[in-house]
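Here's a quick walk through a protein model, from the overall fold down to one of its elements. Have a look at the structure first, then read on.

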Amino acid sequence: MSSKSERAVELFKEGYNCSQAVLGAYCEDVGIEMKTALMLASPFGGGIGRLREVCGAASAMFMIAGLKYGYVDPKDMKAKKEHYELVQRLVDRFKEENGSIICRELLGLDTVHDKPTPERRTEGYYKKRPCAEIVRSAAEIVDELLKI
């Protein structure tokens, strides 16, 4: 287990959303300040604003890939293709480990658009939600595939 994955879990358990926790653990590695990482990732918790769509931890992996290996020239089709291939490898690895990249599927929820009010982080919350382990998984995938 990497220190980054442990840090990501710590951040999640401090109350940061899943996306903030993963991106926050790698902010120095990708050259952004912690405050910027937390603000950038803040909309992605709960599967994008508690809409239960793409998992925030997975979204953070993609942000890290972009910050580390992203392209900037919109006409560079080779760079785009290579970047999208990397993102697809991240998705495949995340699905292999967790079964889906969709928040509601990971949590076993029927709710598509959840109410925007976040749940209190209680002991019961952590027992019923696999989020801390999903955060750990995303960080380990970042270590494995992005070589950070």
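Read along the sequence, the pattern of the protein chain is α-α-α-α-α-α-α-α-α. That makes 9 helices and 0 strands, taken as DSSP runs numbered from the N terminus (helices are H or I, at least four residues; strands are E, at least two). Keep in mind that this is a predicted model, where local features need pLDDT of at least 70 and side-chain atom pairs pLDDT 80 or more, while totals for chains, interfaces and linings use all residues. Residues are numbered from 1 along each chain as its sequence is written, and side-chain values use heavy atoms, with hydrogens and water left out.

Now the overall build. The C-alpha atoms fill a box of roughly 45 × 30 × 25 Å along the principal axes. Of the 148 residues, 46% count as buried, meaning under 20% relative accessible area (1.4 Å probe, protein chains only). If you take contacts (heavy atoms within 4.5 Å) between residues at least 6 apart in sequence, 68% of them join residues at least 24 apart.

Zoom in on helix H5, residues 56–69. Its 14 residues reach 19 Å from first C-alpha to last, close to the 20 Å expected at 1.5 Å a residue; that expected span is 1.5 Å times one less than the number of residues. H5 is mostly covered, with 10 of its 14 residues buried, among them Met61, Phe62, Met63 and Ile64. What do the buried residues of H5 pack against? Their partners are helices H2 (18–26), H3 (34–41), H4 (45–48), H6 (77–98) and H9 (131–146).

Definitions and conventions: Buried < 20%, exposed > 50% of the residue type's maximum accessible area, 1.4 Å probe, protein only.
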